[in-house]
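Visitor: I am new to this structure and would like a close look at a single part of it. Could you take me through how its strands are paired, and what lies beside them?

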Amino acid sequence: MDLQANIEKFFADYIRNWNAQDLDSLAAAFSEPCIFVLSSGTTVLPDNSSLKAFYAKAFDGLRASGFNHSTLDRVKAQACADGLAIVDVLNVIRHRKDNSVMEAIDCHFTMRQVNGVWKIVTAVWCTPGWRET
C-alpha cells in the first residue's frame, strides 16, 4: 500500500474513533510526546495518559456545545523523509445532532512511523483554505 492509501486509511480509522470518542484508540494514533498547535496556544503532551485527559476535556466542551460527529473531506499526504510525512486533512467539519455545522477547520500534521505504524507527532489547526491564501 502506498503512502497516500496508508494515510487515508489511518484518518478513516481516526475519524471513526473520534466520533466514537474512543480515547484509547485516539491516543494510540499519536507519538509520545505529541504537540497540538492552535491559535489559542501550544500544548505539549508527554504521554498517552496526558493525551487522553486532553481529549476527555475537549469532548466535554464539544458535547456541551451540542457536538455529535465530525466528517472530513480530503487527505493529502507527502513523504518528506524516510518514515516521515506531512499530511493535510482538509475541510474537517464538526456537526451538531441536527447535522448543522458547528465549525470547519483544516488540520496540518507531521507524522512518523514508529515500528512500522504511522503516528501523529504534531497537529496544527488551520483556517479552511489557508493554503490558497
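**The paired strands**

Guide: Strand S5 and strand S6, the latter covering residues 101-114, pair in the antiparallel sense over 10 bridges, and this, like everything that follows, is read from a predicted model. Within that pairing, Asp88 has His108 in S6 as its bridge partner. The hairpin of S5 and S6 has 4 residues between the strands, and Asn99 takes a positive phi near 75 degrees there.

Turning to another partner of S5, strand S4 (residues 74-81) is joined to S5 by 7 bridges, and the two run antiparallel. Here Val75 stands opposite Val89 in S5, while the hairpin that these strands form has 2 residues between them, with Gly83 taking a positive phi near 75 degrees.

Gln4 itself is found in helix H1, which covers residues 3-20. Although Gln4 and Lys76 are 72 residues apart along the chain, their C-alpha atoms are separated by 7.0 Å. Gln4 counts as partly exposed because its relative accessibility is 24%, a value that falls between the limits of under 20% for buried and over 50% for exposed.

Terms used. Residues are numbered from 1 along each chain as its sequence is written. This is a predicted model: local features need pLDDT of at least 70, side-chain atom pairs count only at pLDDT 80 or more; totals for chains, interfaces and linings use all residues. Side-chain values use heavy atoms; hydrogens and water are left out. Buried means under 20% relative accessible area, exposed over 50%, partly exposed in between (1.4 Å probe, protein chains only). Two strands pair if DSSP finds at least two bridges between them.
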